[in-house]
Amino acid sequence: MGERSNVPGKVIPLIAARTLNAPQPLSAQSLGTVRASSSLLDPRQRRLHDLRISVTDKCNFRCTYCMPKDVFGPGYKFLPHDALLSFEEITRFAKISGQLGVEKLRLTGGEPTLRRNLPTLIGMLSLLRTPSDTPLDLTLTTNGSTLVKQAKALKDAGLQRITVSLDSMNDAVFRAMNDVDFPVADVLRGIDAALAAGLTPVKVNMVVKRGVNDHTVVEMAKHFKGTGVVVRFIEFMDVGATNGWRMDDVMPSRDVVAAIHAVTPLVAVDPHYEGEVAERWRYADGTGEIGVISSVTQAFCSTCSRARLSTDGKIYTCLFADHGVDFRKLLRDGSSDDDIAALLAGLWQVRTDRYSEIRTADTAKLRKVEMSYIGG
Ligand code: SF4
């Protein structure tokens with residue numbers, strides 16, 4: 001561990017867009033091997049470890065980089081209720097994933113707390129165990145708008161901790177970014193409710209877009225310094241096909257670290273585990289830490305261990321995928337758990353995703369799944 005003055009840069013090679021191979025389902029025999037080892041690997045030796053579960057495609061915010069109003073306006077058609085996976089279907093899929101090595105579940109959306117009776121689902125998921133009989137790590141990412149009302153019920157149901165998206169402490173900047181005039185103060189009350197309920201450690205995710213909220217980075221760090229809340233600064237990405245991403249919009253994490261370090265010195269910290277997405281920095285005076293997620297300038301595809309389950313039951317093996325593989329049909333047509341596990345294992349074992357390693361201005365224009373549909 002040593003003090004750093006900046007984050008090393010990374011040149012992103014200019015090569016063509018990725019291709020996704022068709023999944024090759026495993027036989028029941030090979031599936032048995034997978035289960036015994038609990039370490040399902042893709043061709044780059046990346047383990048299936050995290051499952052992100054989108055429980056709704058709806059959100060009460062219209063963040064300009066995620067659900068811009070001109071696309072997700074009043075006429076936008078969200079999924080009908082019968083297209084959504086039921087709580088039983090989600091829990092069954094999560095249980096099968098756990099048998100294949102998944103140890104961490106993150107509920108996302110849209111805004112997941114808008115899904116009716118969410119604590120019931122959390123209660124069901126909290127009962128799941130890994131093959132070695134430990135509970136799965138269960139967390140949730142939210143915009144924080146409903147936490148004052150819901151934090152305690154979520155905790156009581158079995159949620160362990162929470163991540164809140166908050167893009168600025170500056171009220172005018174935040175209201176403009178969420179585009180529904182939602183105030184910072186209400187999100188802060190939600191964070192306080194999460195802390196009071198014991199959904200800790202609470203993390204705050206701030207997407208940093210140059211020229212929009214980059215001037216409020218230090219203010220964000222200062223606000224949460226010494227509170228136990230860990231802020232993670234995320235480089236602005238070309239998620240979906242609607243956010244108008246340009247490389248010029250990205251404030252590299254090294255600049256974020258440098259800006260905060262200039263005000264209050266930072267020291268690099270080792271990751272909690274291999275493959276941790278956020279690079280950790282602690283305050284030299286011992287008052288907490290921050291993280292930076294350098295999705296653009298330091299691609300972490302080589303350790304990416306996440307699969308994403310969409311609201312309507314498709315699996316995406318990359319945030320930037322252009323299509324997913326339908327599991328809802330299997331969950332509803334009488335297929336066995338082994339059938340579902342075999343398809344998931346086969347999908348993972350041919351996975352070649354590495355979008356952030358090959359991102360260019362041209363790939364940014366390609367059709368990709370919308371983040372509001374599979375979570376971030
Ligand atoms: S671009 Fe895809 S493969 Fe790379 S880290 Fe992101 S989700 Fe994982």
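Here are some questions and answers on how terms are applied to this predicted model.

Residues are numbered from 1 along each chain as its sequence is written. Because the model is predicted, local features need pLDDT of at least 70 and side-chain atom pairs count only at pLDDT 80 or more, while totals for chains, interfaces and linings use all residues.

Q: Why is Val207 called buried?
A: A residue is buried if 20 or more other C-beta atoms, placed from the backbone, lie within 10 Å of its own, exposed if 12 or fewer, and partly exposed in between. Val207 has 24 C-beta neighbours inside 10 Å, so Val207 counts as buried. Of the protein's 376 residues, 44% count as buried.

Q: Where does Val207 sit, and what is Val207 in contact with beyond its neighbours within four places in sequence?
A: Val207 belongs to strand β5, residues 203-208. Strands are DSSP runs of E with at least two residues, helices are runs of H or I with at least four, and both are numbered from the N terminus. Contact means that two C-beta atoms, placed from the backbone, lie within 7 Å. With those neighbours left aside, Val207 is in contact with Tyr65, Asp167, Ile234 and Phe236.

Q: What makes a set of residues a nonpolar core, and which residues have the most contacts inside the largest one?
A: Such a core is a set of buried Ala, Val, Leu, Ile, Met, Phe, Trp, Tyr and Cys residues joined through C-beta atoms within 7 Å. The largest has 93 residues, and Met206, Val208, Val231, Phe233 and Leu344 have the most contacts inside it. Helix α10 (residues 337-349) gives the largest share of this core, seven residues. Leaving aside neighbours within four places, Phe233 has contacts that include Met206, Val208 and Ile290.

Q: How do you know that the span of helix α6 is close to the expected one?
A: The expected span is 1.5 Å times one less than the number of residues. Helix α6 (residues 184-197) has 14 residues and reaches 20 Å from first C-alpha to last, close to the 20 Å expected. Its buried residues are Val184, Val187, Gly190, Ile191, Ala193 and Ala194, and their cover includes α4 (147-157), β4 (161-165) and α5 (171-178). After α6 comes Gly198, with a positive phi near 90°.
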